[in-house]
Every structure is written in C-alpha cells, then in structure tokens.
Amino acid sequence: MIPSFSLRHVTAGFTAVVVGYSSAIVIVIDLARKAGANDDMIISWLLALGLGMGVSCIIFSWLTKMPVVTAWSTPGAAFLIGNVGDYTLAESIGAFVVCALLSLATAQSTLLLNAIKRIPSSISSALLAGILLPICLAVFIDVGNHPFIVFLYLAAYILGSLFFARYLMLMLLALSIVVSYSLQGTIDIHFTPPIPVWVTPTFSLSATIGLAIPLFIITTLSQNLPGIAIHHAHGYTPQHKPILSGIALIQLVLAPFGGFTFNLAAITAALCMGKDADPDKNQRYKAAIMAGCGYLLMGALASLVVVLFVAMPVVVVHLLAGLALLATLKTSLAQSLRDEQHRHAALVTFLCTASGFTFLTISSAVWGLLLGLILLFVERRQK
C-alpha cells in the first residue's frame, strides 16, 4: 500500500535536504578536488552520495515506519580535506572501502560498538574541534586580498544568526552564487545527466591507518552515535544493527563511485522527527521518505550543482565552508572542556589534531586521539 503524503511531510523532508546540502556541499566538492577528482568524477561523487542517502532514507523509513534520515559525514569530509592530498585518488577510494568494512564489522559486534562508546565525549569532541579549526580559521585568511567580501559574509552571518538562523546557510549559499557571478563575470549553467565514474580502489596500509580508521572513528563518534541518540530523544527505538549494517553495505557498493561515507543524520534528522513534520508521531516516517526523494533529486541534478560550486572562487569556498562549520566547532570546543578531569587530555588531543602534521604516514588526527587517550590513562593511574 502506497502511503499518502501531506504538505507537512514534503516541507519537512525537503527542508532537511536543503539544510544538509547548503551547509556542507561545498566541503564535499572541495574534498573531491583535493582527492584528485576531475569534474566528471565530482559529479559521480554527488550522484553516489545522493543515491546512497536517498535509497537508505526511503528503505529504512519504509521498513521501520520510523523516520530514519541518513547523511554524509561532514566532520569526516572535513578530516579528509586536510589529509587526502597525501594519497592517490585510488588509495583514498580504497580507504573509503575499508571504512565501510570497519563500519559493517562494528554494526555486527556489540563489543566493538561498546568499546567505541567508552571513548570519553570530551576526547572525541576535542578530536572533531581540532579537525574543524583549520577550516574555520580559513574564514579570515583572505582579509588582506578580499576585505570587502570577508566583511560582507561576516555581516550576513551575524545578521542571519539574529533574524533567520534556520535558513542562515541557505542565505549564505545564495550569497555565494551572487558573489561568484560578480567575480567571474559569468557562470555557464548547463545540465547533463550524471554518469557514475568507477575508480578502482587501491589498498595500502598507510591509507588504512591515515584515512580509513580515522574516518571510521570520526563518523561513528560524531554522526552515528548522535544519530542513535536523536532517535531515542524523540521516542523512537528502531533496531539499529540492521540499519547501520545496511548503511555500511551501501557505502561499500558506492565507495568506488565517490560515496566516501554514509551515516545516521542528527540535525537534519531532527527536522523530520518533530511536530512540524506531523502531529502524529507514527506518521513522521513519511517526512524521512520525502527527504530520501529530495536526496535522489539532488543526485540527479549533480552536474548542475557542480557547475555552480566549481565556479566559486577560493575566497568564497573558504568563507562558506568555514562559516558552515562554525557552530559545530563551537559545540565541540565546549564539549571538549566541559569535564574538568578530561581537560588536559582533551587539550592535547585538540592541539595535536589541529596542527595538521603527518608522521610515519599517520595523520595528526590519529596521533591526537592516541595521545589524548594515553594521557587520560596515565592521569587516571596517578589518582
């Protein structure tokens, strides 16, 4: 039986899509560029992401009759931006495959999932804050060359935060298109059907340690666990094992086409779980299904999305990405320093991760997490 959908379902579902895309699409495109993808490959990445999120939202929401909204990992993408340049595109794709296998294994093992849950939130928040800091600092690096543009964005961000915070990123996205057009003179807008581009994965120990494992940990801690918490907070208790397993399998299939990661959504999921989506709690899954339809639509329009965002000058990319992640950085910093007993270890994790170095082919994020956990263990032993 085909369910009937109301305007509330459509509005809530498509709002979740708009919020998700407007706040992070520029980060994903920047990631694809730095990984070595050409324009056709970038289109393939967006097609794979739209397809994976769309199918998972629709299938799991339909089967569970609960709102299950998925997303790409924005913190994971932020981490990858600073590290994929050290590897070939094929190695990066291989790391995405390994990350999917790790996620699948974790979904099957309660022991592994519980072990990850035991990592203090202060340490995981410090890790995320360290990853985001360089991207947010980039908001101000172009002040010398483009002071007016930086001022314009900061003014828009402040005013938007005061008067229409819910649509702030959508407004900044529209501003970016206007600014890009004024700087470039013209934008050749055209649409071509997206075509998936296969990249044969190459597997290496360095990419596994430097990319796959940190991406897996970041996605699990900053996306899947909060996603589970969002479900529980709204009174939904789906069986997360088959959902997380299915999401990992989707990533495994789509990784060679650019589906770098898929996970449970948190913020966008909440848009489909509140009373605005439907007064009847049992009918809100329909909003998540509409979100899935929206993701499929965005995947089909991948070539148009790429045309708009590839035309953006570097200064615009810096501003849009940095401002989009500012709220997440604020929350992560506050959470990392909340527990006084963990502050020292969290600070070391944050500083080490933010430094951005690579040693023995291992990124600063991995070293930061290890150092923070070691310091926390040593300090607990001294008490």
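The axes of α2 and α10 cross at roughly 155° and come within 10 Å of each other. This is a predicted model.

Q: What makes α2 roughly antiparallel to α10?
A: Their axes cross at roughly 155°. Angles over 145 degrees count as roughly antiparallel, so α2 is roughly antiparallel to α10.

Q: Which residues make the contact of α2 with α10?
A: From α2 come Ala48, Leu51, Gly52, Ser56, Phe60 and Thr64, and from α10 come Pro242, Ile243, Gly246, Ile247, Ile250 and Leu254. By class they divide into eight nonpolar, four polar and no charged. The crossing of α2 with α10 is right-handed.

Q: What makes α7 roughly parallel to α14?
A: Helix α7 (residues 147-163) packs against α14 at an angle of about 25°, and their axes are 11 Å apart. Angles under 35 degrees count as roughly parallel, so α7 is roughly parallel to α14. The crossing of α7 and α14 is right-handed.

Q: Which residues of α7 and α14 meet?
A: Ile149, Val150, Tyr153, Leu154 and Tyr157 of α7 meet Val315, Val316, Leu319 and Leu323 of α14. This contact of α7 with α14 has nine nonpolar residues, with no polar and no charged ones.

Q: How do you know that α14 is mostly covered?
A: Helix α14 spans residues 314-324, and nine of its eleven residues are buried. The buried residues of α14 are Val315, Val316, Val317, Leu319, Leu320, Ala321, Gly322, Leu323 and Ala324.

Q: At what angle do α6 and α15 pack, and how far apart are their axes?
A: Helix α6 (residues 121-137) and helix α15 (residues 326-336) pack at about 145°, with axes 8 Å apart. Their crossing is left-handed. Among the residues that meet are Ser121, Ser125 and Leu128 in α6 and Leu326, Thr328 and Leu329 in α15. The residues of this contact of α6 with α15 divide into nine nonpolar, seven polar and no charged.

Q: Why is Leu49 called buried?
A: Leu49 has a relative accessibility of 0%. Buried means under 20%, so Leu49 counts as buried. Its place is in helix α2 (residues 39-64). Leaving out residues up to four places away in sequence, Leu49 touches Val28, Trp72, Gly258, Gly259, Phe260, Thr261 and Phe262.

Q: How far apart are Leu49 and Ala302 in sequence and in space?
A: Leu49 and Ala302 are 253 residues apart in sequence, while their C-alpha atoms are 9.8 Å apart in space.

Q: How do you know that Thr261 is buried?
A: The relative accessible area of Thr261 is 1%. The limit for buried is under 20%, so Thr261 is buried. Thr261 sits in the loop between α10 (240-254) and β2 (263-264). Leaving out residues up to four places away in sequence, Thr261 touches Leu49, Ala71, Trp72, Ser73, Thr219 and Gln251.

Q: Why is Ala24 called buried?
A: Ala24, in helix α1, has a relative accessible area of 1%. Buried means under 20%, so Ala24 is buried. Apart from neighbours within four places in sequence, Ala24 is in contact with Trp72 and Thr74. Ala24 and Ala324 are 300 residues apart along the chain, and their C-alpha atoms are separated by 6.9 Å.

Q: Why is Lys65 called partly exposed?
A: Lys65 has a relative accessibility of 37%. Buried means under 20% and exposed over 50%, with partly exposed in between, so Lys65 counts as partly exposed. Lys65 lies in the loop between α2 and β1 (70-71).

Q: What is the phi of Lys65?
A: Lys65 has a positive phi of about 55°, although it is not a glycine. Most residues other than glycine have a negative phi.

Q: Which residues have the most contacts inside the largest nonpolar core?
A: They are Trp45, Phe260 and Phe309, in a core of 119 residues. Helix α1 (residues 7-35) gives the most to this core, with 13 residues. Among the residues that Trp45 touches, not counting those up to four places away in sequence, are Leu31, Leu89, Ile93, Phe96, Phe257 and Phe260.

Key
Residues numbered from 1 in each chain as written. Predicted model: local features only at pLDDT ≥ 70, side-chain atom pairs only at ≥ 80, totals over all residues. Heavy atoms only, no water. Helix = DSSP H or I, 4+ residues; strand = E, 2+ residues; numbered from the N terminus. Buried < 20%, exposed > 50% of the residue type's maximum accessible area, 1.4 Å probe, protein only. Contact = heavy atoms within 4.5 Å. Axes fitted to C-alpha atoms, helices over the stretch in contact; angles between N-to-C directions. Left-handed = near helix turned anticlockwise from the far one by under 90°. Nonpolar A, V, L, I, M, F, W, Y, C, P; charged D, E, K, R; others polar. Parallel < 35°, antiparallel > 145°, perpendicular 65-115°, else oblique. Core = buried A, V, L, I, M, F, W, Y, C linked by side-chain atoms within 4.5 Å.
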